[in-house]
Amino acid sequence: MTTENDYDSVNGHASSKMNGNTREENGVELDDELDLTEVVPDPYCDETSPYIVNFNDVSAAAYKIKGGVEKTPCSLSQMSKQYDMQIYFKKDFLQYTGSFKERGARYLLSQLSQSQAKRGVIAASAGNHALALAYHGRLLQVPVTVVMPLSAPMMKVESCRQQGASVVVTGMDFGEAKRYAMALGKKRGLMYVNGYDHPHIVAGQGTMGLEIIEQVPHMDACIIPVGGGGLIAGLAIALKTLKPGVQIIGVESERSTGFQAALAAGHPVRTHVGQTLADGLAVPIVGCNSLATAQGHIDKMVTVRESYIALAILRLIEQEKAVVEGAGAAGLAAIIEGLVPELKGKTVVVALCGGNIDTTALGRVIERGLAAEGRLVRFGVTVSDRPGGIAELTKRIAELGVSIKDILHERAWLQTDVFSVMVRCVVETRDIGHARLLEREMRKHYSHVEFSLDVPAA
Ligand SMILES: Cc1ncc(COP(=O)(O)O)c(C=O)c1O
């Protein structure tokens, strides 16, 4: 791979200087002179001649980053029996900045030419890639600028600043942030680092595969969350080279299915990306090097529903005592949703690749997960408004061992007689069976019951 020193010549703007024409947005100085309509090419990600990462690249990356990133545990899960497969979790959310992105970031930064390392790098990212670059940039003394979209969690923006990165927050989405980063990089001579497609990034991510095969040599399959494709490409090369029989299964969220679209088309295609719990996977157009590298090595791609991602996050907290973000939990979500029945009885490694879930979002996700399991239930029931009517209802609920979390009554909008009241409850149950029992009891005693148990089959 010869991407080490050639950025200077391709870029050609090494000595550009800011001319001071700046404005502030969210307390951050923005360069108003940048031409954001110009398409700045990325010399390392050229769709007309993609770079296919090979096993030597991954081995070189492993040698280079040894000691610089954690070798994370890959341990047998408590859930193995429940899903009738030997499930091993590769816990890369235990990296210092909370994700596998450190592998690629560390390798890329260690391969920069001296002059590029002095000048620095720039990247667009909503989170994990930015954090990884900021952290390893500080350790390796490479100046790092990250451009984060306005939607990036405050927590991650602040963490990047704390690591000493120059942080620019601009753009409604990742695409706009990237355009700004490419333009600023060109102007200031900073190398743009694609977080899922630069060949060194892909090779770095592949090092996780070398660890996995050493830790679980008898593995049959690996389930890998897919965003821009860097992780699955690196892992596929490492695993298939060392053990060709291993099945590689990629997982996308139902709200971002760009990799499957690209596999079908044979090239990256722009796809619509919706709001998803797996924000790390929300990439509108996947990487061309990653696609070319992974193509032919992926045995199956599956799409998980959002409710199963919430459920997977909840199960990991409750059963594994692991805080994993949506993107990192997508592999387990695929198992829970029943999308990989062919793996029953097999030894399966699931990459838990990130743990940076926004604390404010975590509470909501847990509630979603509880609702998806039928353990948090919302229903309405019309009862008598005479003295004792509501007390009778709460008594019936209590007798079932169901706990009321929230209760309110509505009178003004009821169509029935004026001596009725609609009581709306949010309650906690033991499980879906318990919730169904509650529903039956309510229907037995009251003529008007609104009960929707929208629980996906486990
Ligand atoms: C936690 C987590 N998992 C998985 C992915 C997907 O990785 P890739 O974009 O290389 O496919 C990302 C990407 O940011 C991530 O942050």
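These legends go with a few close-up views of a predicted model. Residue numbers start from 1 along each chain as its sequence is written. Because the model is predicted, local features need pLDDT of at least 70 and side-chain atom pairs count only at pLDDT 80 or more, while totals for chains, interfaces and linings use all residues.

**View 1. Three domains make up the protein.** Domain 1 covers 7-16 + 33-40 + 103-192, domain 2 covers 55-99 + 200-370, and domain 3 covers 373-451 (bounds from an automatic or database domain assignment). Between the C-alpha centres of domains 1 and 2 there are 25 Å.

**View 2. Here domain 1 touches domain 2.** Domain 1 puts 17 residues into the contact and domain 2 puts in 24 (contact: C-beta atoms, placed from the backbone, within 7 Å). On the domain 1 side, α3 (101-110), α5 (128-140) and α6 (154-162) each supply at least two residues; helices are DSSP runs of H or I, at least four residues, numbered from the N terminus. The largest share, 6 residues, comes from α3.

**View 3. Helix α3 crosses helix α8 (residues 199-215).** Their axes come within 7 Å and cross at roughly 130° (axes are lines fitted to C-alpha atoms over the stretch in contact, with angles from 0 to 180 degrees between N-to-C directions). The two helices are therefore oblique to each other, meaning not under 35 degrees (roughly parallel), over 145 (roughly antiparallel) or 65 to 115 (roughly perpendicular).

**View 4. These residues join α3 to α8.** From α3 come Arg103, Gly104, Arg106, Tyr107 and Leu108. Among their partners in α8 are His200, Ile201 and Met208.

Definitions and conventions. Contact = placed C-beta atoms within 7 Å.
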